[in-house]
Amino acid sequence: MAGSFDNPDGNVETMKATVSPAAEDYGQEAIEAIRAGKVIAVPTDTLYGFACDACSAEAVNRIYEIKGRKHTSPLAICVGDVHDIKHYAVTDHLPHGLLDCLLPGPVTLVLRRGESSILEKSLNPGLESIGVRVPDCNFIRVIARGSRSALALTSANLSGQPSSIDIKDFENLWEHCAYVYDGGILPAGRAGSTVVDLTKLGKYKILRPGSAKEETVAILERHSLLEDGTGD
């Protein structure tokens with residue numbers, strides 16, 4: 001790579017960004033970047049993503065600028081553990097054990113935010129729902145736990161362009177990130193997470209098939225949820 005060299009600590013310095021392994025040794029610097037309102041690039045269990053503090057309006061706006069994304073397109077959040085979800089979204093209508101069967105994993109759950117959500121109102125203004133992820137990826141979960149907040153998370157690419165399964169896929173955007181964390185080539189393909197709407201009691205609706213539709217539907221129906229075919 002032009003203009004890069006190896007440091008003794010294992011980082012690769014480039015004129016664009018600092019690229020480090022997606023390893024726990026680098027977790028603390030990532031956490032500090034998130035707390036400082038920076039944007040980082042991280043691997044998940046599906047695609048590479050841009051992440052920032054979901055409760056920092058300035059950082060969230062930066063992600064939209066990097067991606068060239070319209071502010072009317074909502075961002076999902078990522079939390080460290082399943083038990084954190086209740087702080088950001090309504091879950092008490094869901095069958096017992098459902099969340100633990102679906103997550104961690106390559107699934108985005110669309111839930112109602114509710115009045116008790118501690119999310120900033122500036123995140124996805126006007127929307128009563130929020131997409132929530134707990135990826136099966138230890139590095140990003142360490143960051144989410146350490147940040148003591150939810151992470152705003154979206155795919156690491158320009159809006160409308162193919163998703164990234166290798167950090168080289170979005171090399172033109174590295175310069176906008178405080179850090180880029182390399183987890184190698186991700187094996188799940190470019191389909192992204194399966195997105196399922198769970199806002200209605202006893203119902204589910206697949207909004208995007210993603211990489212785990214069949215497994216997700218099987219879990220939902222095992223918990224007696226019915227597919228919502230109303231179209232509203």
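Reply: Pro209 counts as partly exposed because its relative accessibility is 46%, where buried means under 20% relative accessible area, exposed over 50%, and partly exposed in between (1.4 Å probe, protein chains only). This is a predicted model, in which local features need pLDDT of at least 70, side-chain atom pairs count only at pLDDT 80 or more, and totals for chains, interfaces and linings use all residues. Residues are numbered from 1 along each chain as its sequence is written, and side-chain values use heavy atoms, with hydrogens and water left out.

Me: Where is the place of Pro209?

Reply: Helices (H or I, at least four residues) and strands (E, at least two) are DSSP runs, numbered from the N terminus. Pro209 lies in the loop between S12 and helix H5 (213-222). Its C-alpha is 8.4 Å from that of Val196, although the two are 13 residues apart in sequence.

Me: In which sense do S11 and S12 pair?

Reply: Two strands pair if DSSP finds at least two bridges between them. S11 and strand S12 (residues 203-208) are antiparallel, with three bridges, and Val195 stands opposite Arg208 in S12. Five residues separate the strands of this hairpin, and Gly202 there has a positive phi near 75°.

Me: Which strand runs parallel to S11 (residues 194-197)?

Reply: Strand S7 (residues 107-112) does, joined to S11 by four bridges. Val107 has Thr194 as its bridge partner in S11.
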